[in-house]
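Student: I am new to this structure and would like a close look at a single part of it. Could you take me through one residue and then its wider setting?

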Amino acid sequence: MKYCLSALFLLITIAGLAQTQCRSFEYRQQQLKANPMLAQTVATIEQFTSRQLSQRPVAVTGGTSGGTSSSSGAASGGTPSLITIPVVVHILYNTNAENISDAQVQSQIDVLNADYQKQNSDTAEIPSYYRSLATNCGFRFGLALADTNGQATTGIIHKYTTNSYFTINDDIKSSATGGDDGWDRDRYLNIWVGNFTGSLLGYSSVVGGAKATDGVVVLYTAFGTVGTATAPFNLGRTAVHEVGHWLNMIHTWGDDSCGTDLVADTPPQQGPTYGDPSGIILSCGNTPYGNLYQDYMDFTDDIGMHLFTNGQKARMLTLFAPGGFRYALLADTVPVDTATDAVSVAATESSASAMTIYPNPAVSLVTVQLTDPACLGGLLDVYNQLGQKIMSVRVTTLTLQLDVAGLAGGIYFIRASDGKKGAVGKLIRI
Ligand SMILES: [Zn+2]
């Protein structure tokens, strides 16, 4: 699916397929060259990762698709079982076609949720001999409902640019160069969507790289599953792959001939896989089952990608251990839109869990009406405009009363956990 310039012989071998490109590795090499300090930072993060994996190995139960906990706080003693990642999508368009719809963005969020929680509908395509490797990575993605100033947002920015295309030089990440500035990476995952030159599908920042450029970049025709999404990259797997890099994944062939991806349970393989292959493809002595080309970190077409492994999950989660590079994201300061969370859609036939707030605007007493009994026993949290949790009550009945008389005037977000997607509402205190 994605194609990095890792080895010249590969370039020649698959030159005819060069329309399929992830350039995260090439970008990484550029960044390391331009910033000599980055190598040390990357090495330090790698040492931390190794230490975490040896000291606190993540259970490799595999196969199950649990993840019913909605805990997203920085739980002491370990990472939560489901980590919520607030997402902001920056759409840079020069033509109308490039100004993709919010529905297309949501379709991408849904794929991220499905694939990172092993809720994707095509897991049956994983060969039986590799099925036990597939796992629920435990990440939930939601469009941010509050921006960096605490103002209400959809988590989607549509911005006109005079640039007819972008490259991997990061112009798309800065307003000064025709792009859009990223939001604080300690609180958000930034995704930039635009048009690119050449055959670039996307790339990710380097884990350990500059704060302002942290996030992933995806071509507008390879984003989501509707609208401009175009086969064979119309199933949202480019973003899944790039977010994998953002979570410190390396290509399955280790960006070298029979290289290492620093993951224990992925077999070695000689190079990237293209198209939608079938059967066993042996390389690097990886008998008996061969290349794991169904992995999201290979270059296979969207339709051929189906899994992350237990080992990949363990490596991702080290970023969220105390002291880890993305640990700050666990602070849970940004309410997210989970109304169409893929997990909840897959888990229940009922429509999205609703929340009614009245009176609204309010002065003192507010009634919050929930509909989903799954909310019972969970928490109802109130966030201020800065995204700080300022009130939290246990849900003992579906009709609750909150006293907001002590709150300053402004907009507040209320979120109730139902163990899956949650219910979210906006309260105006006057
Ligand atoms: Zn890649």
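Tutor: Let us begin with a term: a residue is called buried when its relative accessible area is under 20%, exposed when that value is over 50%, and partly exposed in between, using a 1.4 Å probe and protein chains only. This is a predicted model, in which local features need pLDDT of at least 70 and side-chain atom pairs count only at pLDDT 80 or more, while totals for chains, interfaces and linings use all residues. Residues are numbered from 1 along each chain as its sequence is written, and side-chain values use heavy atoms, with hydrogens and water left out.

The part to look at is His245, which counts as buried because its relative accessibility is 8%. His245 lies in helix H5, residues 237–246, where helices (H or I, at least four residues) and strands (E, at least two) are DSSP runs numbered from the N terminus. Contact means heavy atoms within 4.5 Å, and, leaving aside neighbours within four places in sequence, His245 is in contact with Cys22, Ser24, Ser204, Val207, His251 and Met297.

For the wider setting, a nonpolar core is a set of buried Ala, Val, Leu, Ile, Met, Phe, Trp, Tyr and Cys residues joined through side-chain atoms within 4.5 Å. The largest such core has 58 residues, and Tyr116, Phe139 and Phe141 have the most contacts inside it; its largest share, 6 residues, comes from strand E2, residues 83–93. Beyond its neighbours within four places in sequence, Tyr116 is in contact with residues including Phe139, Phe141, Val240, Val243 and Gly244. A second, separate core of 19 residues includes Cys375, Val395, Leu400 and Leu402.
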